[in-house]
Amino acid sequence: MSGRRDELSVKLKAVVRLMLEDYRNLGKVEVFRVRDDFFRSFYVPTPFRGGVDQTVVFVDSGHTGKSYSTDSFHLVLMNVGGVLRNGEKIEYFGHRAGGPEVEGYILYASITSDGFKVTIHPLDDNSLLVDTSRAEVVSKSLTSLVTRGYSGFLRGGLDFWEVGVKYFRRVANYLISLVELSYCVKVLSTIKDSICVLDGTLIRWFGAVKLRAWLGFDGLDIASILSGVSREEILSRHLWRIYGIAKTTKFTVIARSRALLSTVGGGYGSI
């Protein structure tokens, strides 16, 4: 069984690498090249008007969604990257740091007889967030962290198991959302005196502060493992330099943001 699984993993990684390579080569296709030239003729970086003399890093990610999910496993193909802006100059963080413009990853989480298993496979040997030399260590650390947190669910009866499956889905999605934040931490630890902007509200992980009391870990522990930056350094040197852009002003977003700022122990940093 393990042999077939390993064979499937090899084939899947080969297909995903092909998809990634095709995506990166779209600029050579005439219709996409013309479209890019068209957009560039309309959109030109505008200089910041005072108040911002730092390098600003815009980080975003994309993934395949929930197409490869069941009650017992979660498989996602995702990309993440960052663009640096310093005055009128724009460049990819990957170019400056010697990595790819956009990094590709396979993130796999599953329920096993020993607990929970988390595996992250970089699709580029020189990935900046998790390269091939760190992938196995990062996967084992995430597996250990998540399994310790959910061991109580796994030792219980059927009711506990159902709760465990429910939280497994949540933690799998939580891991995916934290790849973007972790990449941001990696950039901030590399480029001094910079700030990072994420596409979306930070509530998705700021609001999960109670996880530490319930399970013994939270988003900062996961971000620390993924980025290779200690939890203490993230809190003291990088957290206040991270900003999130809320794409909606609906009441629930405003209310939850206010709750984070007004309650004791409501969250980390500010929004």
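This is a predicted model: local features need pLDDT of at least 70, side-chain atom pairs count only at pLDDT 80 or more; totals for chains, interfaces and linings use all residues.

Visitor: What makes α8 largely enclosed by the rest of the structure?

Guide: A residue is called buried when its relative accessible area is under 20%, exposed when over 50%, and partly exposed in between (1.4 Å probe, protein chains only). Nine of the nine residues of α8 are buried, so the helix is largely enclosed by the rest of the structure; among them are Gly219, Asp221, Ile222 and Leu226. The word helix here stands for a DSSP run of H or I with at least four residues, and a strand is a run of E with at least two, both numbered from the N terminus.

Visitor: Why is Pro100 called buried?

Guide: Pro100 has a relative accessible area of 10%, and because buried means under 20%, the name applies. Pro100 is found in the loop between α3 (93-97) and β5, and its C-alpha atom is separated by 7.2 Å from that of Asn126, 26 residues apart along the chain.

Visitor: How do you know that a disulfide joins Cys184 to Cys196?

Guide: A disulfide is a pair of cysteine sulfur atoms within 2.5 Å, and the S to S distance of Cys184 and Cys196 is 2.0 Å, so the pair qualifies. A search of the whole structure finds one disulfide. Cys184 belongs to helix α5 and Cys196 to strand β7, twelve residues apart, and the pair links distant parts of the chain. Both Cys184 and Cys196 are buried.

Visitor: What makes β1 and β7 a pair of strands?

Guide: Two strands pair if DSSP finds at least two bridges between them, and five bridges join β1 to β7, so these parallel strands meet the requirement. Within this pairing, Val57 has Cys196 in β7 as its bridge partner. On β3, β1 has an antiparallel partner, over eight bridges, and there Val59 stands opposite Gly82.

Visitor: Which residues touch the most other members of the largest nonpolar core?

Guide: A nonpolar core is a set of buried Ala, Val, Leu, Ile, Met, Phe, Trp, Tyr and Cys residues joined through side-chain atoms within 4.5 Å. The largest one has 50 residues, and those touching the most other members include Val59, Leu142, Ile222 and Leu226. Among the elements that give two or more residues to this core are β1 (55-63), α4 (132-155) and α8 (219-227), while α5 gives the most, with 14 residues.

Visitor: Why is the link between Glu91 and Arg96 called a polar contact?

Guide: A polar contact is a pair of N or O atoms within 3.5 Å; within protein, one must be able to donate a hydrogen and the other to accept it, and residues adjacent in sequence count only if both atoms are side-chain atoms. The side chains of Glu91 and Arg96 are joined at 2.8 Å, so the distance falls within that limit. Glu91 itself lies in strand β4 (residues 89-92).

Note on methods
Residues are numbered from 1 along each chain as its sequence is written. Side-chain values use heavy atoms; hydrogens and water are left out.
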